[in-house]
There are 2 protein chains.
Amino acid sequence: MPDNQSAASLNYQLHYSNRQTPENISYEEAFSTKEFRKISDIVVASLEQYLQQIDPVCGLNLTEPAILIEKARSLMTHESEEIAAFDETRLRDIIELYTKTGIQVHSKGYMGRQFSGVLPLSGIFDLVNATVNQPSSFYEAAQLPNVAELIMQNELNKFIGYTDNSFAMVTTSGGSLANLTALLSARNYKYPNVWNSGLHRLHENAIPAVAISENAHYSIKRAIGIMGIGEDQLVKLPVNGKNQIDSSKVESCLKKAREQGLRVFCMVASACTTDTGSFDPLDELAAIAQEHDSWLHVDGAHGASLLLSEKHRHKLKGLEKADSFIWDAHKMLFTPGTCTLLFYKNKERSYGAFRQEASYVFEKQADIYTSLDSGEQNFECTKRPVIMNLWVSWAMHGKAVFSKKIDHLCHLANQAWNILLHEGDFQVIHEPQANILCFRYTPANLDLQTNKHFQLYIRNKIKEEGRFFISKVEVNGEEALRVVFMNHEIEMIHFRMLLQEIRKTGQEMIISQTNIQHQAIPISQ
Amino acid sequence: MPDNQSAASLNYQLHYSNRQTPENISYEEAFSTKEFRKISDIVVASLEQYLQQIDPVCGLNLTEPAILIEKARSLMTHESEEIAAFDETRLRDIIELYTKTGIQVHSKGYMGRQFSGVLPLSGIFDLVNATVNQPSSFYEAAQLPNVAELIMQNELNKFIGYTDNSFAMVTTSGGSLANLTALLSARNYKYPNVWNSGLHRLHENAIPAVAISENAHYSIKRAIGIMGIGEDQLVKLPVNGKNQIDSSKVESCLKKAREQGLRVFCMVASACTTDTGSFDPLDELAAIAQEHDSWLHVDGAHGASLLLSEKHRHKLKGLEKADSFIWDAHKMLFTPGTCTLLFYKNKERSYGAFRQEASYVFEKQADIYTSLDSGEQNFECTKRPVIMNLWVSWAMHGKAVFSKKIDHLCHLANQAWNILLHEGDFQVIHEPQANILCFRYTPANLDLQTNKHFQLYIRNKIKEEGRFFISKVEVNGEEALRVVFMNHEIEMIHFRMLLQEIRKTGQEMIISQTNIQHQAIPISQ
């Protein structure tokens, strides 16, 4: 762990027995506006301090769960039938423990995942959401969030290109849920009786199947299992050298599936894939899907944000032909987790994922208010007004606050790729299509027989050291290192520092392995 | 609308053209700590003002969507390739528009739904969650949230009574998702091959079916449709006069289902129901489920919080015998939406809902860190650290901050019931088992032939008037009014005010109907 200060900060001696505990309060006081102000001031000050004092280059401070449990427990109040007033010091300590033990998304050592330090306005707006607590599946409960959804769907459609007024956007809690919702719409549209009959009693000769890329996100495969289609009915579409679905091979795949008694009612493309950030050829897949009477769904969780970039939009060509696609604002639109936008080309079909009767919330006859309800389109009954963080950022700053950062992050990945092309001891796996880059450290003295999990070892060792945080991945069944540029403050000097750390870690491993082997030989003889 | 101030507040003339717009900024500035501080101060001040100025008795200010869209649009920045610095006045106006158009959960006129003004500490903590942005499905990304989950599951188990170390708790985004996850665990446990084979290819003689109460929450029926079981395979269990599953009739229901070729692999009980707040007899249902080799799942979204009350805990007797149950902290534990706790009696079975391979996040061999990962147990890949709001409240204030308020809210429902028992023009439908109460306004001069939707009319008219917000429900197929006491500041004087408003609204309707009839007769003759 590089940061002595944060190491010290874990050594709390803050058992409540040693503190001066404030007096008990009534629950009315705990719920009061006075408490709101007092606590807010402490929280804002603590967070400001955290943001100001971030270690410029650090990854994560991995603490043993048992130690962290003990520390967390030491910050808890006594078991009591009375209500403890909040203790300012203890609250500060909790926030410090929370911030210090997390992934340092605001630091330049963080290059590991698809979440990031959020846009401050967007993050802070969660304080408003949580305080006014308006569940947004129903207009009457959350009027502005429902209106903001309408506005945002039209704002974003300027970059998508669906026909005005004929498409729909639904917000939901995360990409997995949006993917499941879209696939349910597809299943229920292609098999109108299945909601009632179930799949066991579905009288069809051909077995329902879904075609996906080998590299589709795991939430797609999960959805197939959840919906009762069964993973055996996944038709895997082969990819090309750029890790994109090879559209020239799709026809023969579908033919083979048909011969096996399967009906591919839905095809799923990625824009982009999670592992290598590859964009499938949407235009060509849309044409094939149409010809085969298949629903085309696009998982654009990460990459749909590139629609906002003049420079990168072309990678999503054909998206407007998809029957549905998803877009995570909590990835490249820098809102807090989770805010997913699910789009349907055909508005009517957005009502097909679910059926329900519930007299306490649903109306039998829609009026001008309830026609804005999304409770029949989204899975959640109580839903966070997740659109608000995005809409407020868009309303206050404009689109450019996103597009400029996205362009920059993609540029960083391109620069890093260029560096790796010229480093003889690294193997770069692909030219980046977004802000994701996969590569391997392959020095001349690496013996792959001895070091089968060399890349994985490096990744984990670097994580433990705490200076950088990167991820690992399997590409074509082989382990690789993976960086995702989500922090615009990263410069190539930091990427070069990472490469040095990888070299140091790798070489230490190789040398220790050699020593072990030298020692090991006599013993085994 | 009772509040002239809030009416006036909607008449913004705040088009950006009339404003002095601050200069553009770079995206680095928009993401900076300086912006964090500046925006936080404005947001906290706006919210404090909102909380201080709440109209003591008001419901909701229902605005026409078209008008609200126009107002929201007027608060948005120009389309531009530059990034607008945030404009303090505009941000305040957005927050005001948001707060004024929402349900006034902090007012005493709000008696309508199961969400509430949250505990300030719990709500404010969302600012921390959103700023540090740690997704909590994986320990390395969110160490304290994962530890807080372990601590909370043990804290809460003091009131549940599962065997230590053999149970599991998983957090998830909302009750619908938790119900689906539990039912998937049940399906996959009872049909180990179904994840791969799918239901279409499941070689079973008996058709998989699920038994539920007629009054189960709609998310349960949705889950059946989603999972591919099919709504036709729902076995409805009859209820008694208290709207609880009549356990004496369950055996014959199951027998009949068996004769129809169904296998009830899962039974679902409610604790309590959403409509009338009724608790099913868990102890008896657990015995029946065990005998029939059925999984027992309990939807305790609303009522499980009564475990924390000495006085009401007995209503959940037998809960510890359930294979799984859910508990929404965003209902009666006053945390912001959504935070659902899903419990399993048997820890191993908590890993049965899903299967997945994803090299970028999942580890093939667990270590002391990854063994705390919940990514295989919960649906979400990126998951909000929803536990933190609950844990921090519990850690800082202690359990009593919840239990005292819960006791009070249930007491309010009981007082209201007592009042209605003595009002001749009202029909009270049930003795409250929690903080939910259903009743009808049935004055002597009501002609049910003319006024088939009398209760619904009253509910909607009162909502429009904006002084009170209550909900409606169907009990035994007949419309009724429904109040949920979530605001501890409500007193019986406010409930009596509501009854007066109902009388006034109802009588005006009856008189206008009579006039119409008198006028109508000559025309039709």
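The model is predicted, so local features need pLDDT of at least 70 and side-chain atom pairs pLDDT 80 or more, while totals for chains, interfaces and linings use all residues. Residues are numbered from 1 along each chain as its sequence is written, chains are lettered from A in the order written, and side-chain values use heavy atoms, without hydrogens and water. Helices are DSSP runs (H or I, at least four residues), numbered from the N terminus.

**H6(A) with H6(B)**
- Helix H6 of chain A (residues 120-132) packs on helix H6 of chain B (residues 120-132) at about 160°, with the axes 8 Å apart; axes are lines fitted to C-alpha atoms over the stretch in contact, and angles run from 0 to 180 degrees between N-to-C directions.
- H6(A) and H6(B) are therefore roughly antiparallel (angles over 145 degrees).
- Contacts (heavy atoms within 4.5 Å) join A:Gly123, A:Ile124, A:Asp126, A:Leu127 and A:Ala130 to B:Gly123, B:Ile124, B:Asp126, B:Leu127 and B:Ala130.

**H5(A)**
- The 14 residues of H5(A) (88-101) should span 20 Å at 1.5 Å a residue, which agrees with the 20 Å between its end C-alpha atoms; the expected span is 1.5 Å times one less than the number of residues.
- H5(A) is largely enclosed by the rest of the structure, because 10 of its 14 residues are buried (under 20% relative accessible area, 1.4 Å probe, protein chains only).
- Among these buried residues are A:Arg90, A:Asp93 and A:Lys100.

**H16(A)**
- Buried residues of H16(A) include A:Phe454, A:Arg459 and A:Lys463.

Notes. Helices (H or I, at least four residues) and strands (E, at least two) are DSSP runs, numbered from the N terminus. Angles under 35 degrees count as roughly parallel, over 145 as roughly antiparallel, 65 to 115 as roughly perpendicular and the rest as oblique. Buried means under 20% relative accessible area, exposed over 50%, partly exposed in between (1.4 Å probe, protein chains only).
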